[in-house]
Amino acid sequence: MHHHLENIATFEHLNLDFDTQSCVRVVNNRFAEDTTVENYFAPGLYISMLGKCNCFTNQDIDGQSSDYSYRYIVALVEEDMVSKIRFSRNSLWQTFSIRLPLSQIRDFSLPSINNTSYSNISLDTLTESGVIPSDILHCCESVWQCSFQGMERELFIKAKALEVLSLFLHKRRQKNLEQASPRLNQLNEALNYIQMHLAEDWSLEAVARLAGSNRTYIKQDIKQLKGISFREWLTQARLKAAAELLSGNESIIQIAYKVGFKSQAHFATLFKSVQGVTPSEYRQSISIER
């Protein structure tokens, strides 16, 4: 027998309220006979949780079904596509899948690679796969076992979808932080060094060399560590150092060059945009306070 996914009796599709392109798809179905399911995928990033799932895919060339039970799968679909999965009679298929638009991959710190397909459930060609964490599995099982109907069921599934997504993203960010910790420590040391040598001309490449990293990681890590870009952080560091030096006797042009500004006029403009007064007015206010 051949079915489109939408024709499976237990298939449910609900749009998630936080984004018009986001949705959750749920299936909890036992097949009464051998069945091939044709599954359409619109472009997006799919985070899928599988409960019981023993099936045949295009890659099962030996004629043996594969067991994907209790695994999560993250897959990137960059253009409309269709996959086919075959289930034997009396087999059970449980899935809880969330789709996010491609535009949100960076916002959610999710994996992004090219040429990744969901056409086959093949663990070595997907963006990411692993065993479902117990708390996320519990959320999915509560949906598969839920007996609610109508609006109550819709609200319940949407709530669990948001819970699953938040747990998944939290665990992923924690994992990323743990992996990045040594790198961030080196970067922090590099930034401390730069603060002591602000007069030098600092590029991302120079910072990467100093931190023993590369330009791509440096951009991401500075954003994670400081919450702003490197150029923004460097400007703030220079202006802060300049404000401290203005309490001394050095001329304003000397201070500007000392903290890394090539032009006194540019320094004065940036300083006023942050402090609300010119460097001269700031120095006068310090003298009055004394």
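Start by selecting helix H3, residues 204–211, and colour its buried residues: Leu 204, Ala 206, Val 207, Ala 208 and Ala 211. "Buried" here means under 20% relative accessible area, with exposed over 50% and partly exposed in between (1.4 Å probe, protein chains only). Helices (H or I, at least four residues) and strands (E, at least two) are DSSP runs, numbered from the N terminus.

A quick note before moving on: this is a predicted model, where local features need pLDDT of at least 70 and side-chain atom pairs count only at pLDDT 80 or more, while totals for chains, interfaces and linings use all residues. Residues are numbered from 1 along each chain as its sequence is written, and side-chain values use heavy atoms, leaving out hydrogens and water.

Axes are lines fitted to C-alpha atoms, for helices over the stretch in contact, and angles run from 0 to 180 degrees between N-to-C directions. H3 and H4 are therefore roughly perpendicular to each other; angles under 35 degrees count as roughly parallel, over 145 as roughly antiparallel, 65 to 115 as roughly perpendicular and the rest as oblique.

From H3 come Leu 204, Glu 205, Val 207, Ala 208 and Ala 211, and they meet Arg 215, Ile 218, Lys 219 and Ile 222 of H4. Contact means heavy atoms within 4.5 Å. Sorted by class, the H3–H4 contact has six nonpolar, no polar and three charged residues. (Ala, Val, Leu, Ile, Met, Phe, Trp, Tyr, Cys and Pro count as nonpolar, Asp, Glu, Lys and Arg as charged, and the others, Gly among them, as polar.)

Stay with Ala 211 and pick Gln 186: their C-alpha atoms are separated by 5.4 Å, though the two residues are 25 apart along the chain. Gln 186 belongs to helix H2, residues 150–196, and is partly exposed at 40% relative accessible area. Just after H3, click Gly 212, which has a positive phi of about 65 degrees.

Next stop: helices H5 (residues 230–245) and H7 (residues 264–275), whose axes come within 11 Å and cross at roughly 90 degrees. That makes H5 roughly perpendicular to H7. Select Thr 235, Leu 239, Ala 242 and Ala 243 on H5, then Phe 267, Leu 270, Phe 271, Val 274 and Gln 275 on H7, to see the contact. Its residues divide into seven nonpolar, two polar and no charged.

Phe 267 and Phe 271 also belong to an aromatic cluster with Phe 261 and Tyr 282. Rings of Phe, Tyr and Trp (its six-membered ring) pair if their centres lie within 6.5 Å; planes under 30 degrees apart count as stacked, over 60 as edge-to-face and the rest as tilted. The count comes to 10 aromatic pairs. One of them is Phe 31 with Phe 87, stacked at 4.7 Å centre to centre with 15 degrees between the planes. Phe 31 sits in the loop between strands E3 (23–30) and E4 (35–41), and Phe 87 in strand E8 (residues 81–87), 56 residues apart. Buried or exposed? Phe 31 is buried at 4%, and Phe 87 is buried at 0%.

Last, find Thr 95 in strand E9, residues 92–100. Thr 95 is buried, with a relative accessible area of 9%.
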